[in-house]
Amino acid sequence: MIPSEFSQLFRLQPGTSISLDAFDTAWEGSPAFKTWSDQLDQSLALQALEQAQSILAEAQEKLYADDHWAVLVVLHGQAGADIDGVIRHVASGVNPQGCSVTAFRKASSEEIDHDYLWRYHKALPERGRMVLFKDSYYNQVVQVRAFPEQIAKQRLPVNKGSAAQKPGSPEFWKRRCTEINAFEQQLAANGKLILKFFLDISREEQRRRFLKLLEDPAERWKFNSADLAERNQWQALQQAWEEALSQTSTDWAPWYILPGDHAWVAPTLAAGILTRAILDLGVDYPKVPEAVLAGFTEARKKLEAE
Amino acid sequence: MLSKKIIDQFKVKPGSKVQLRSFDTSWDGDDEFKHLSKDELKEKAAAVLEQSRQEMFEAQRRLFAQDRYSVLAVLQAMDAAGKDGTIKHVLSGINPEGCQVVSFKQPSVEELDHDFLWRVNKALPERGRIGIFNRSHYEEVLVVRVHPAILANERLPGSKTGKEFWQERYEDINAFERHLARNGTVIVKFFLQISRKEQKERFLARLDDPEKHWKFSPGDVDERAFWDDYMDAFDDAIEATSTPWGPWYIIPADKKWVARALVARILANTILSLDLAPAPTSPEQEAENTAARQQLVSEAA
């Protein structure tokens with residue numbers, strides 16, 4: 001497992017502003033990452049990942065048996081950040097009976113006719129389960145912000161209220177972030193463990209990955225022209241992310257910014273941070289109450305008498 | 001790996017008679033395995049399980065990429081027959097983005113106010129995905145038949161009772177599944193069968209192990225009194241609903257390692273039987289890809 005300090009190191013402290021440009025996505029040059037670059041090389045990372053996977057598999061069994069907590073993992077990154085890689089590695093030992101992934105695609109007309117959190121709320125994990133959101137309601141303060149034509153399609157009322165009600169105004173995005181914080185706070189208070197990961201890659205790394213996809217006939221289907229459109233809005237998206245991350249990293253739903261240029265770094269960190277957070281819940285196989293145990297003795301007698 | 005002959009013997013041919021009472025729940029191999037010791041047999045089963053899993057995971061990638069078919073596997077069994085363990089051992093490690101497991105619990109008041117396929121329909125896998133039903137709409141012709149009080153709770157109109165009523169439910173299920181199959185859902189159904197004696201052993205094991213207590217409820221023992229009624233209900237249901245588009249397999253499950261290997265192999269075969277060739281890219285897409293490539297290459301300069 002990764003050292004426990006890492007959970008702190010990559011956590012965006014509530015109330016701090018982040019400048020993504022200052023993060024070294026390749027992790028070696030940044031002072032923040034230097035502290036562990038001496039300890040963690042690729043083979044160590046792999047070991048740490050495997051260990052986290054097996055601990056996570058057992059922790060998940062207990063989570064399921066305990067049936068009080070649900071785990072929500074939100075995964076984001078610019079196009080080309082290897083979110084699938086994180087999902088594959090984190091979930092590779094996990095029992096699908098207690099874990100699922102929800103990918104959000106283009107909103108349907110029905111979904112647009114509801115408030116912007118509706119469809120995400122419906123997809124939340126129930127107690128005992130873990131759900132990974134591939135994209136999430138954060139698109140509603142990032143994607144939609146960088147592509148303003150999308151906000152026009154949301155049919156929001158425009159002719160009344162304060163500046164915060166005016167779609168697209170700076171106050172509008174702030175308001176949405178406040179609403180998201182309140183939403184997550186309610187979830188956390190009612191038994192959801194929320195962890196959010198932002199996989200930070202460089203623009204150059206994105207270029208390399210797109211080209212690699214396009215040059216591989218077996219992988220080409222994964223490339224979408226929307227990916228290029230996002231690349232062309234790189235700066236707007238980074239800025240929208242900086243604001244969203246800075247405003248929505250909270251004690252009850254922290255963001256972790258993970259260096260994403262090296263494919264082996266982010267999965268190791270994500271698996272370790274997630275596993276530690278679940279272990280911290282202290283869930284275990286439930287103890288059967290004394291009163292019910294009496295029934296067990298009775299049941300055993302019946303079975304043995306057959 | 002496993003011959004077609006071995007696998008086919010567990011398949012319920014449409015229209016054939018089902019008599020679970022004469023089924024060998026402790027089966028662990030045919031004549032062709034006779035020369036193997038117990039340990040060798042177990043090793044062989046483990047190898048079948050692992051190879052099937054790898055093939056399934058690989059096929060899942062193609063199923064997901066192609067986005068044309070979905071796969072629905074239904075698991076039914078008596079208590080303690082190993083449904084959860086089978087799911088865990090056959091599917092742990094599968095890419096969860098393309099796989100969903102749904103456990104059906106007691107229906108809610110809202111669900112009871114709809115027809116009995118409503119909640120099942122909502123939980124179906126979409127194209128490109130594998131869906132596992134841990135219990136399913138078959139409970140509606142099993143536990144509901146064994147305990148008439150549950151049926152009374154469903155607030156159904158109509159006066160049909162007895163054989164005729166269940167016959168209609170089988171027909172409805174067959175029609176529902178045929179509709180799904182025609183629209184791209186490949187259906188395979190497993191009944192994990194343990195003996196009554198094996199169930200007793202497993203209940204006792206749960207009682208012995210505090211970590212397994214949470215899985216046990218004293219009511220489970222009382223339910224054993226209905227064992228014969230359940231066998232009758234399963235006989236009739238499986239017989240009436242094993243169809244070319246939704247075949248049942250009866251899996252000998254007294255030995256967990258046998259059941260897991262068989263389910264994994266049959267599920268893998270089911271997915272591999274599909275034509276999962278990738279959809280050809282359209283000329284528009286090709287043009288877009290070329291333009292994207294040009295832009296990316298020129299950005300480097």
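**Figure 1. Crossing of helices H3(B) and H12(B).** The crossing of H3(B) and H12(B) is right-handed, a crossing being called right-handed if the near helix is turned clockwise from the far one by less than a right angle, and left-handed if anticlockwise. The model is predicted: local features need pLDDT of at least 70 and side-chain atom pairs count only at pLDDT 80 or more, while totals for chains, interfaces and linings use all residues. Residues are numbered from 1 along each chain as its sequence is written, and chains are lettered from A and ligands numbered from 1 in the order in which they are written. Helices (H or I, at least four residues) and strands (E, at least two) are DSSP runs, numbered from the N terminus. Helix H3 (residues 83–91) of chain B packs against helix H12 (residues 256–272) of chain B at an angle of about 55°, and their axes are 9 Å apart. Axes are lines fitted to C-alpha atoms, for helices over the stretch in contact, and angles run from 0 to 180 degrees between N-to-C directions. The angle makes H3(B) oblique to H12(B); angles under 35 degrees count as roughly parallel, over 145 as roughly antiparallel, 65 to 115 as roughly perpendicular and the rest as oblique.

**Figure 2. Residues at the contact of H3(B) with H12(B).** From H3(B), the contact is made by Gly85(B), Thr86(B), His89(B) and Val90(B). H12(B) contributes Lys256(B), Ala259(B), Arg260(B), Val263(B), Ala264(B) and Leu267(B). Two residues are in contact if their C-beta atoms, placed from the backbone, lie within 7 Å. By class, the residues of this contact are 5 nonpolar, 3 polar and 2 charged. Ala, Val, Leu, Ile, Met, Phe, Trp, Tyr, Cys and Pro count as nonpolar, Asp, Glu, Lys and Arg as charged, and the others, Gly among them, as polar.

**Figure 3. The side of chain A that touches chain B.** In this interface, 34 residues of chain A are in contact with 32 residues of chain B. On the chain A side, two or more residues each come from helix H4 (83–90), strand S2 (99–103), helix H10 (203–215), helix H11 (225–232) and helix H14 (290–305). H14(A) gives the largest share, 7 residues. The side of chain A that touches chain B holds 20 nonpolar, 7 polar and 7 charged residues.

**Figure 4. The open sheet of chain A.** The 5 strands of this open sheet follow the order S2-S3-S1-S4-S5, with parallel pairing; two strands pair if DSSP finds at least two bridges between them. S2 and strand S5 (255–259) of chain A stand at the edges with a single partner strand each, so one side of each has no neighbour in the sheet. From one strand to the next, the twist averages 20°. Strand S1 (residues 70–77) of chain A pairs with strand S4 (residues 192–200) of chain A in the parallel sense over 8 bridges. Ala70(A) stands opposite Lys192(A) in S4(A).

Figure 5. Asp135(A) belongs to the loop between strand S3 (130–134) and helix H7 (143–146) of chain A. Although not a glycine, Asp135(A) has a positive phi of about 70°. Asp135(A) counts as partly exposed because 18 C-beta neighbours lie inside 10 Å. A residue is buried if 20 or more other C-beta atoms lie within 10 Å of its own, exposed if 12 or fewer, and partly exposed in between, with C-beta atoms placed from the backbone.

Figure 6. Arg68(B) is found between helix H2 (38–66) and strand S1 (70–77) of chain B. With 14 C-beta neighbours inside 10 Å, Arg68(B) is likewise partly exposed. Not counting residues up to four places away in sequence, Arg68(B) touches Arg127(B) and Gly184(B). Val186(B) is 118 residues from Arg68(B) along the chain, yet their C-alpha atoms are separated by 11 Å.

**Figure 7. Arg169(B) in helix H8 of chain B.** Arg169(B) is part of helix H8 (residues 162–182). Arg169(B) counts as buried because it has 20 C-beta neighbours inside 10 Å. Leaving aside neighbours within four places in sequence, Arg169(B) is in contact with Glu140(B) and Val141(B). Arg169(B) and Ala237(B) are 68 residues apart in sequence, and 9.5 Å apart in space from C-alpha to C-alpha.
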